[in-house]
Amino acid sequence: MQNTDNTTVERELELKLVLSPERAVPVPARLAYRTDDPYAVHVTFHIGTDHPVHWTFARELLVEGVFRACGHGDVRIWPTKVDHRSVVLMALSSPDGDALLEAPSAQVSAWLERTLRAVPPGTESERLGIDDGLAELLAATVAADDLWLRDPWPSDESQDGER
């Protein structure tokens, strides 16, 4: 049964956009997790323009990235230490460019813990009602099969099999 109790777990935090090993600039960001989109995390970067930058990727990727390097392609995440602080690095690539962002591990981990309490791992599909939707789809298919098997036109053949 689909759970219709929709909740959003948000966290405002300041990330650092790493420009070089010696230089980084602060980037205000919002982490958002919606229980009606249980597999995804949404990150909005406020870059000082009228249009913030939005990224969406798998929650599981961020959870794993807090502990070990993971991801490939457009999103790669790994933990490290910078100036004796635990941080999570996120390398994001798009046709518009690449960015390396540094996030405080403790804040990201605390926010992720809240998302995991809202929708525990392994229960995401229950939020989507996939089983109910699939059952409805299959029921419709069975009904259509019953109609398909019936001959909509009477046969020209006589009842005794003679023509």
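The largest nonpolar core has 27 residues, and those touching the most other members are L15, F45, F57, L62, I77, V108 and W111. A nonpolar core here is a set of buried Ala, Val, Leu, Ile, Met, Phe, Trp, Tyr and Cys residues joined through side-chain atoms within 4.5 Å. Buried means under 20% relative accessible area, exposed means over 50%, and partly exposed lies in between, with a 1.4 Å probe and protein chains only. The strand β2 gives the most to this core, with four residues.

Before I go on, the ground rules. This is a predicted model, in which local features need pLDDT of at least 70 and side-chain atom pairs count only at pLDDT 80 or more, while totals for chains, interfaces and linings use all residues. Residues are numbered from 1 along each chain as its sequence is written, and side-chain values use heavy atoms, leaving out hydrogens and water.

Now L15. Leaving aside residues up to four places away in sequence, L15 touches V25, P26, V27, A29, F45, M90, L101, E102, A103 and P104; contact means heavy atoms within 4.5 Å.

Next, the helix α2, residues 105–118. Helices are DSSP runs of H or I with at least four residues, strands are runs of E with at least two, and both are numbered from the N terminus. Which residues of α2 are buried? They are S105, V108, W111, L112 and T115. Seen down the helix axis, these buried residues fall within an arc of 140 degrees, so they line one face of α2; the arc is taken from the directions from the axis to the C-beta atoms. They pack against β1 (8–20), β2 (23–34), β3 (40–45), α1 (59–65), β7 and β8 (97–104). The face turned away from the buried side carries the exposed residues A106 and R117.

On to the strands. β7 and β8 pair in the antiparallel sense over eight bridges, and a hairpin of two residues joins them. β1 and β8 also pair in the antiparallel sense, over two bridges. Pairing requires that DSSP finds at least two bridges between the strands. In β8, E102 stands opposite L89, and K16 also stands opposite E102.

Last, the loop between β6 (75–82) and β7 (85–94), where D83 is found. Phi of D83 is near 50 degrees, a positive value in a residue other than glycine. H84 is in the loop between β6 and β7 as well, and has a positive phi of about 65 degrees although it is not a glycine. Are these two buried or exposed? D83 counts as exposed because its relative accessibility is 66%, and H84 counts as exposed at 80%.

Conventions:
The expected span of a helix is 1.5 Å times one less than its number of residues.
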